[in-house]
Amino acid sequence: SIYEMFGNECCLSTGEVIKVIGFKINKLIASICENNEVSQFSAKVELPLNFPGLYRVVADKTPYVSIEEITRKVSIGPTRFGHPCFYSSEDIKLTNFTIEHGEQITFNSVEEVNGTMVVNCVVVRNNQSYSFTLPLSQEGKFYECEDDQIYTLKEIAEWKIPKCRNRIVKLSNTLHIWDSSNILPENFDGCLILMPVYEVQAVMKFRKDIVHLLSDLDVEVKDITDCYDTSSFLQPLSLEDVFERTSMEFPMVAEIMEGPSGIQKPYNLLSPGKEVVIYKKYQAARVLASEIRSDSPKRHFLVPMSYKGKFKRRPREFPTAYDLEIARSEKEQLHVVATKTFASPHKELFSVSVGDQFLVQQCQTSEILYEGKKKLVDVLACEQILSDAYKKVLLPMYMEGSFVEVIHDKKQYHLSEICKEFHLPFNVKVSVRDLSIEEDVLAAVPGLQFEEEITDSYLLISSASNPVESWEIPVYRLNMLVHLLSKDVRTDVPPVTKTTVEEISEEQYYMVRRYENQTLRPPPRPPKKPT
């Protein structure tokens, strides 16, 4: 049979042996959803997995009848998305533990214990986690829990569409990089039913690349797994698979089977057929930086602590007095100028005019007269800078004004110094570019805001044939498949690591912030006006 693969005609000969290594959603067919069903007036549209936008997943109302069915149809694994949550319609009595009906059960992993396949689970009661296992043979009615997270279509396709089921999603917000009106149905109101179209991922005995076969390909096949030695086939591994290996297994030599596109290093080292040494896996710190500009879209970067350039400060903008309190530090006094008028409704508190300058002091409480009654409110104590004196004033914390920082500090800072000495977010511009980078993309950006420090997963690699420099590659943002080679590594010590500033897309930026902020408590809301 002759079929087309990525625009090229390929041939599957009669008798050719193919090892199926996985199933993957190739694209999604979307229809308008009404009352959890396909609308009779809806046209079907084809959505690529990179279609932008962020979506909430609607919990599936159809129950699973056993733990085994869940493990067979739902993705469970060690990554961020591989921990689905379900609840049982009835109590489940274990040896020394009872799971109550309706209680959220988090499925973490599947393993064999004493010859029995089980799922490692967790329930949380009164902020305390309880771990237990459920055998795959456990029967009942298990329903999906509501999910308050937001996902891209690609994440939904990879992790959130159970096998043999469709998925209802609701659009949370659209990103600016795609004119969605040209592709989504005319009467789209934010709710879609997604029907997956699969492709089969396979390897052939005498090919080193991955073969992608659409599931509707008209080819007859026969299962010969039980009578064929499959060890002669290559075993493709994703970067996540490599990262899950124990630290003792590193370093290792691998050949790229599928790699990212790009002509800049290190991406030109990662083309199919190239051999690389993977020295180790680890978590590394990055600073998330965004271009300062009023219009969209902004560019976003992940900057390593090894960045050797220097930065000068740029003024920050503060929309409220509450933001001034957050930015205040003991290291230096915050000096700001008002760019918006604010008329105070209380005589005890100061009214602000455009051009007024203040030195921010501290947060305190103050007594005001409100509707004939005395009330205590949070205020920000400042010193107004006059031509020949300073005047103590109180600004209401709820004040919605606008302030711009006045910078007196002319010093140049390394990235590590900024993270150590100042609170993020922090505005800067590159004053001395990093000369170790061939093209320092940060130097061309007129202004940057360092938003937060994050930690991410990386693999350290170098070229196997010419290991003169090593590179950190992100595990979760690089689509790449390798197979391991039984070759000895010349040395366990990696060559010098090159600094790489990674530019990320708007969706990746949102995901990075989301993962990092899952572990953080949200900041308190600014005080409201007295009522």
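This is a predicted model: local features need pLDDT of at least 70, side-chain atom pairs count only at pLDDT 80 or more; totals for chains, interfaces and linings use all residues.

Colleague: Okay. Which backbone nitrogen lies 2.7 Å from a polar atom of the Glu144 side chain?

Modeller: That's the backbone nitrogen of Asp60.

Colleague: And where is Glu144 found?

Modeller: Glu144 is part of strand E14.

Colleague: Is Glu144 buried or exposed?

Modeller: Buried, because its relative accessibility is 13% and the cut-off for buried is under 20%.

Colleague: What does Glu144 touch, leaving out residues up to four places away in sequence?

Modeller: The list is Val58, Ala59, Asp60, Cys85, Phe86, Tyr87 and Arg167.

Colleague: Which side chain of opposite charge is nearest to Asp147, then?

Modeller: Lys160, at 4.0 Å. Lys160 also touches Asp147, as does Val57, when residues up to four places away in sequence are left out.

Colleague: What polar partners does the side chain of Asp147 have?

Modeller: One is the side chain of Tyr151, in a polar contact of 2.6 Å. There's also the backbone nitrogen of Gln149, which lies 2.9 Å from a polar atom of the Asp147 side chain.

Colleague: Let's zoom out. How many helices and strands are there in the protein chain?

Modeller: Six helices and 33 strands. The protein chain has 531 residues, and 44% of them count as buried.

Colleague: What share of the contacts with a separation of 6 or more is between residues 24 or more positions apart?

Modeller: In the protein chain that share is 68%.

Colleague: How many bridges join strand E24 and strand E25?

Modeller: Three, in the antiparallel sense, between E24 (residues 335–338) and E25 (residues 357–370). For example, His335 has Leu359 in E25 as its bridge partner.

Colleague: New topic: the backbone. Where are there cis peptide bonds?

Modeller: One runs from Phe250 to Pro251, with omega near -5°. Pro251 sits in the loop between helix H3 (239–243) and strand E19 (252–258). Another joins Leu424 and Pro425, where omega is about 5°. Pro425 is in a loop too, between helix H5 (415–421) and strand E29 (426–432).

Colleague: Which residues have a positive phi without being a glycine?

Modeller: Asn127 is one of them, at about 65°, and Cys164 is another, at about 70°. You'll find Asn127 in the loop between strand E12 (116–125) and strand E13 (128–135). Cys164 is in the loop between H2 and strand E15 (167–173).

Colleague: Why does Asn127 count as exposed?

Modeller: Because its relative accessibility is 81%, and exposed means over 50%. Cys164 is exposed as well, with a relative accessible area of 74%.

How values were computed
Residues are numbered from 1 along each chain as its sequence is written. Side-chain values use heavy atoms; hydrogens and water are left out. Buried means under 20% relative accessible area, exposed over 50%, partly exposed in between (1.4 Å probe, protein chains only). Lys and Arg count as positive and Asp and Glu as negative; His and the chain ends are not counted. A polar contact is a pair of N or O atoms within 3.5 Å; within protein, one must be able to donate a hydrogen and the other to accept it, and residues adjacent in sequence count only if both atoms are side-chain atoms. Contact means heavy atoms within 4.5 Å. Helices (H or I, at least four residues) and strands (E, at least two) are DSSP runs, numbered from the N terminus. Two strands pair if DSSP finds at least two bridges between them.
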